[in-house]
Amino acid sequence: MDIYDTRVPHSKVADGSQLAEIFHPLRLNRDISARYSIAHAWVEPGKKTLPHRLIQSSEAYYILSGKGMMHIGDETEEVYDGQLVYIPPGKTQWIENTGSEDLLFLAICDPLWREEDEIIGRKSVSEPDRNDPFMQAAIREAELGRDEGGIPIGSVLVKNGEIIGRGHNRRVQDVDPVVHAEIDCIRNAGRIGSFKDCILYSTLMPCYLCAGAVVQFNIPQVIVGESRTFPGAREFMEAHGVKVLDLDLLECVQMMEAFIRKCPELWNEDIGVL
């Protein structure tokens, strides 16, 4: 039985609310299989949070006490204790306290809350660059693999602002089950000594095989094109100190979805679900 002490102090966060994370799998120093996080928050009477949105995660507010007005996109509705409010990914939202007591609520985030996923107002805490030339190079690798009759996943390794390795999934082409895009990329980079100042780009969230290579070689950051079609091993990498940024690129999603529709058995073989 796992029981945790959730009596953590509240502090003012970027959106203006007073908040304490009471459950976040990456903060508990345990091997916990959970995608969501939970925070306890409040807004003082007459106050409101700043407009903000989560790029990938959805959120649910469960109102514990007080009353207020919930704003999601162009919609506004009164909220009070016992209500649950669902906030889709990408929707700008804020909540204001219209009562005479603190407005208390739980904020449940799925996938779990990450700083780089949140945009406050018009400024992102760490808004991803969707025109990153290195990601575009990885996409070209994925397209090359697709044109060769393989699985369209591409990767590049960057050091000091230069690409030092390129690769794409070659399981079909080489008849080799372990030549995933990231493995091919790291192999092509060769022996470079330390990987500690490198960034690995991949069009798809790395699987456990490739995430293991990232952790083994101490690659500090991984930037991916998308994780909708395959969630991969993000939590594993982050638990080992790797910074992971998901750009959620529609171009990458559509490329993988088209391949999965065309070759479902090959895709299932690649991700090990046969």
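Which residues of helix α4 (residues 208-216) are buried? In this predicted model, where local features need pLDDT of at least 70, side-chain atom pairs count only at pLDDT 80 or more, and totals for chains, interfaces and linings use all residues, they are Cys-210, Ala-211, Ala-213, Val-214 and Val-215. Residues are numbered from 1 along each chain as its sequence is written, and side-chain values use heavy atoms, with hydrogens and water left out. Buried means under 20% relative accessible area, exposed over 50% and partly exposed in between, with a 1.4 Å probe and protein chains only; helices (H or I, at least four residues) and strands (E, at least two) are DSSP runs numbered from the N terminus.

The cover over the buried residues of α4 includes α3 (181-189), β15 (198-202), β16 and α5, where contact means heavy atoms within 4.5 Å. After α4 comes Asn-218, which has a positive phi near 55°. The loop between β16 (221-224) and α5 (234-239) holds Ser-227, whose side chain is joined to that of Asp-246 by a polar contact of 2.5 Å. Such a contact is a pair of N or O atoms within 3.5 Å; within protein, one must be able to donate a hydrogen and the other to accept it, and residues adjacent in sequence count only if both atoms are side-chain atoms. Neighbours within four places in sequence aside, Ser-227 is in contact with Gln-56, Met-205 and Asp-246.

The whole structure contains 6 aromatic pairs, a pair being rings of Phe, Tyr and Trp (its six-membered ring) with centres within 6.5 Å, stacked if the planes are under 30 degrees apart, edge-to-face if over 60 and tilted for the rest. Phe-23 and Tyr-36 form a tilted pair, because their ring centres lie 5.3 Å apart and their planes stand at 35°. Since Phe-23 belongs to strand β2 (residues 18-23) and Tyr-36 to the loop between β2 and β3 (37-43), this pair ties together parts that are 13 residues apart in sequence. Phe-23 counts as buried at 15% relative accessibility, whereas Tyr-36 is partly exposed with a relative accessible area of 36%. The rings of Tyr-61 and Phe-105, with centres 4.6 Å apart and planes at 35°, are likewise tilted; as Tyr-61 lies in strand β5 (residues 58-65) and Phe-105 in strand β10 (residues 103-110), they tie together parts 44 residues apart in sequence. Both Tyr-61 and Phe-105 are buried.

On a 1 Å grid over the protein atoms alone, a cavity is a set of points where a 1.4 Å probe fits but cannot get out, and a pocket is an open set with protein on both sides within 12 Å along at least five of seven lines, lining residues having an atom within 4 Å of a point. Grid points are joined across faces, edges and corners, and a volume is the space filled by probe spheres set on the points. The largest pocket holds about 720 Å³, and of its 32 lining residues Ala-34, Arg-114, Arg-234, Glu-235 and Phe-236 lie nearest its centre. Its lining receives two or more residues from α5 and β17 (243-246), with α5 giving the most, 4 residues. The second largest pocket has a volume of about 360 Å³, and Val-13, Asp-15, Leu-19, Trp-113 and Glu-118 are the closest to its centre among 21 lining residues.
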